[in-house]
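Here is a short report for a reader meeting this structure for the first time. Please look at the sequence and the model, then read on.

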Amino acid sequence: MHNGIYAGLLISVVSFVWFTKRGSKNPDNLPYPPGPKPLPLIGNVNDVPREVPWKVFQEWGRKYGDIIYFHTFGKPIIILNSVTAAHDLLDKRGSIYSYRPQFAMANENFSLTSMDYSEKSKKQRKYLQSYFSRQLLPNYYSTQIKEVHRMLYDVLQDPDNYRQHIKRMAAGITMMLAYGHEVKTMDDTFIKIAEKGVKTIEAAGAVGAHIVDLIPWLRFIPEWLPVADGTAVPCYTTALLEETKGQDDEGTLSALETAFTMLLADPLIQARVQAEMDVIVGKDRLPDFSYRDQMPYLNTSLASYGVQTPVGVPHRASEDDFYNGYYIPKDTTVMANQWAMLNDERLYPEPSKFNPDRFLEGEGRIPQFDPRNIAFGFGRRQCPGNVLAENTLWIATACLFYAFKATPAKDEKGVDIPIVVEYTEHAVRHPKPLKCTFRPRRANSAALIHQAFEV
């Protein structure tokens, strides 16, 4: 009992000293942005949401505004709920906000995504961008098309397990382009190794997954102090890590699953996409990239699916900053709430409605804000592989819905099982599995798939 009292006293004293020693360069004594009222010393530890934080942060935004401030034990955090705020800070002031928060349990060398902004990160990003530059992307078309054709063949042979076939295809493209390794099944040895690696990185480096990430000085506390009793500070990443167990795949897979789910859920939009392809491609060959610019409705359909990583990867302010009359202290963790932005009624009336027409041009229409300017992040740390991911999404969706018609599965009485679109609300959002059927659209569809697969 005495140990617990001493530990609590020590934590309180160190928290106070650490918080008050933070140097302030706020000569005009500007306020922090608004946010939930903190408690002494511990701040907003009890306010940080454990479930679907992006939705909670959106609710906070309605109360406090587009930029929200809170802290946990003096560790400042800012949430950006609007495109304007994210653009003003993360894009226009990229020299300040291109850095990453560093956490006690994470190693900045794990990946380019989590690496702090430095000469090393800029050099690695330059290599990556040169490899996936727009002018080189056609070099990868053949790999993407080959893996998509294999996916079509797998769906033809085993339509009930279409989600596994999509997952294998996404892994196949990644492994071939990154390592030159062909993935024929999800039992592939290297896929298993990669999955274990992802779990290790998530366990060790997930933002806020450990209490020491939110209270950095705890790494200096002796082991005999009773602070490691399994009662970690509540934070959304802790909850996400516990729920997902490292099973989430990358955003490309989620985008593919979402695209297929939305076209299945709305048969009229699916029919419009297929009618456009029939006119442009014809009825005796599968789509390829040469048809892409001629299919505006399919393209806008794929732009309508929203964000797969709701809050992206946090940024860090490398110096004190001032914005709209507010003070943002150095080393503040800054998170762009991309989910809130894509559900902002000021940008997208009826944001939850799947409506590809909202992005169409011509005939006097004014397209709504391009969601791709949100979904792939902001500033100098924007996803460098976004165009490659879009290409995979486009060719996979085009080929699948050109060759197959997706319809709801039927129950034992022959009645359609209702399509209810729901998501697993994790760090990467995935649509929940639906019971559906993929059937060849025309008499020659199976022959086209066999022909493409055997080439």
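The structure holds 19 salt bridges. A salt bridge here is a side-chain nitrogen of Lys or Arg within 4 Å of a carboxyl oxygen of Asp or Glu. This is a predicted model: local features need pLDDT of at least 70, side-chain atom pairs count only at pLDDT 80 or more, and totals for chains, interfaces and linings use all residues. Residues are numbered from 1 along each chain as its sequence is written, and side-chain values use heavy atoms, with hydrogens and water left out.

**Salt bridges**

D66 sits in the loop between α2 (53–64) and β1 (67–72), and R346 in the loop between α14 (338–342) and α15, so the pair ties together parts that are 280 residues apart in sequence. Helices (H or I, at least four residues) and strands (E, at least two) are DSSP runs, numbered from the N terminus. D66 is partly exposed because its relative accessibility is 28%. R346, at 58%, counts as exposed. The cut-offs for relative accessible area are these: buried is under 20%, exposed is over 50%, and partly exposed is in between (1.4 Å probe, protein chains only). D66 and R346 also belong to a network of salt bridges with D344.

D278 is in helix α12 (residues 267–281), while R442 is in the loop between β10 (436–440) and α17 (445–454), so the two tie together parts that are 164 residues apart in sequence. D278 is buried, at 17% relative accessible area.

**Nonpolar cores**

A nonpolar core is a set of buried Ala, Val, Leu, Ile, Met, Phe, Trp, Tyr and Cys residues joined through side-chain atoms within 4.5 Å. The largest one has 56 residues, and L152, L400, F404 and F438 have the most contacts inside it. Helix α16 gives the largest share of this core, 12 residues. Another core, of 23 residues, lies apart from it; A86, I96, M341 and F359 are among its members.

What does F404 touch, leaving aside its neighbours within four places in sequence? Its contacts (heavy atoms within 4.5 Å) include L152, V155, L156, F438 and I449. Q270, Q274, R439, P440 and R441 are also in contact with F404.

**Strand β6**

Strand β6 (residues 333–336) is covered on both faces. T333 and M335 are buried on one side, V334 and A336 on the other. Two strands pair if DSSP finds at least two bridges between them. Strand β2 (residues 75–80) runs parallel to β6, with four bridges. There, I79 has M335 as its bridge partner. Strand β3 (residues 315–316) pairs with β6 in the antiparallel sense over two bridges. H315 stands opposite V334.

**An annotated residue**

UniProt lists C383 under "binding site", in an unreviewed entry. UniProt positions follow the numbering used here, feature names are shortened, and annotations may be inferred rather than shown by experiment. C383 is in the loop between α15 (372–375) and α16 (386–403). At 35% relative accessibility, C383 counts as partly exposed.
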